[in-house]
Amino acid sequence: MYCNLGIPIRFRIWFAALLALTPPGVGQVHAESPVTGPETLIVEHVTLIDGTGQPPRPDMTVVIDAGRFQTVAPSALAASVPGHRIDGHGKFLIPGLVDMHIHLRGGTVINKDGLLKVTTTPEARRAEGVAALQSYLYCGITSIFDAGNVPDFIFELREAERSGKLIAPRIFAAGGIVTAPGSHGSGNGSTDIESWPAAKPALDAHIARKPDMVKLTLEERGWGARPMIPMLDPALMEQVIGYYNDHGIRSTVHISSELRARQAIFAGADALAHPPVQGPVSDSFVKLMGAKRVPMVTTLTIGENYSRLVEHPEYLDQPFYRASLSASEIAMLKTTRRDEWSKSLWTWYWKLMTPQAQENVRKLHEGGAILVLGTDQTSGPAAHREMELLAAAGIAPAAIIRIATLNGAIFLGRERDMGSIEAGKLADAVLLNADPTTNIENAKAIALVIKSGAIIDESKLELAGGKVARRETR
């Protein structure tokens, strides 16, 4: 079975013994990527939290080569292989974190009259986007999904990341949103449609850009302080979802109520971009989500963010925010923006409704729904705030780690290739100095970040807050 692998005989013997002693999938090495060469990375004697929901496993060794996890095994059984060794004693290894709902800053914005508003140069906007992307890496987020943006802007950055020209998390992107003219998300490079099959040429143009998922919106507003707007016809949405699925592209749908969530699910949505936030979810909806297992992104922090700034602006003094935002932006947020939001009905609507949204998310989680971490924001620290809000909702830290890792891969339809620390999967991981399963705040105690099998050198990141020193692994 090993005759054509080109692996030294001592490794072949060890592999055979390990396969006999460990369950399927643990400690196995894929034949196409043997564990050899100077690029091999070995994290040894570490407590492993693999993202699958298994309890933490102490004294494990994880071998990474060719950008993938090659061996995941108890340290007592791990063979000695050459490479860069990291002492994991007293440390905890988790999969790279995700944020499956962002809108990367730097894209062209639309003002209230629907007109393009360009206040900086393309170069400055790109630099703003790059700084935000690198803030995700600094905070341990190795994969993001942009749920709607200017197509040229986000797809150019996606190509730069995938070709190795840009230090960034893995970028998955929808490009422009698909919706009805004048509906939520219309503008900003959106694909606006009104009927079938007349919509096909516009959809084909979007599909030609190779979006990783299609984002649709099913929203009429009229809630909170929001005016009524046109809404995409659910029957048309069903046609669109089927059309994208026929092209191998998954769908996610913006909703804000249980009614619209049900309509999206029965129109064939592969995922939901938000939880219902307009009121309590029904017991039958909780059962529906447990049965259908349609991934739902949590996005609690986007609403809570308003009153948090007004009431607790000191959160901006935390190290992650100081690194991710410029001093001038932090000053603006603490003064001008805080004053604006203190007078906004939207702020106090969310002050009232965020606890209800948290309770909805808790009930859905306990009912078996697949929750996925996402923030609807555009900086790394927001993902950690999302985890804090999930913990405050009553979800156990160990479950939050899966929500913030493997469930993100399920949302993308990529769970066979990423999202957990298992042999053969893409090697994205975060080494922590404290146990996040006892306190989710410990997910901030980052020793180092690994993406595609390489350690991120934080000192090379172009963060908005300025250069930072490389973190020590001690």
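Buried means under 20% relative accessible area, exposed means over 50%, and partly exposed lies in between (1.4 Å probe, protein chains only). This is a predicted model: local features need pLDDT of at least 70, side-chain atom pairs count only at pLDDT 80 or more, and totals for chains, interfaces and linings use all residues. Residues are numbered from 1 along each chain as its sequence is written, and side-chain values use heavy atoms, with hydrogens and water left out.

**Salt bridges**

- The whole structure holds 28 salt bridges, each a side-chain nitrogen of Lys or Arg within 4 Å of a carboxyl oxygen of Asp or Glu.
- R57 and D50 pair through their side chains at 2.9 Å, N to O. Both R57 and D50 are buried.
- E128 and R105 form another salt bridge, with the closest N and O atoms 2.9 Å apart. E128 lies in helix α2 (residues 122-138) and R105 in the loop between β6 (97-102) and β7 (109-110), so the bridge ties together parts 23 residues apart in sequence. Helices (H or I, at least four residues) and strands (E, at least two) are DSSP runs, numbered from the N terminus.
- E128 is partly exposed at 32% relative accessible area. R105 is also partly exposed, at 23%.
- K451 and E161 meet at 2.7 Å, N to O. K451 sits in strand β19 (residues 446-451) and E161 in helix α3 (residues 151-162), so this pair links parts 290 residues apart in sequence.
- K451 counts as buried at 11% relative accessibility, and E161 does so at 8%.

- R385 belongs to helix α12 (residues 380-392) and is buried, at 19% relative accessibility.
- Beyond neighbours within four places in sequence, R385 contacts T301, E304, R308 and Y321. Contact means heavy atoms within 4.5 Å.

**Second largest pocket**

- The second largest pocket holds about 210 Å³ of space. Grid points are joined across faces, edges and corners, and the volume is the space filled by probe spheres set on the points.
- A pocket is an open set of points on a 1 Å grid over the protein atoms alone, where a 1.4 Å probe fits, with protein on both sides within 12 Å along at least five of seven lines; lining residues have an atom within 4 Å of a point.
- Lining residues include E161 and K451, along with D457 and K460.
- The lining has six nonpolar, two polar and four charged residues. Asp, Glu, Lys and Arg count as charged; Ala, Val, Leu, Ile, Met, Phe, Trp, Tyr, Cys and Pro as nonpolar; the others, Gly among them, as polar.
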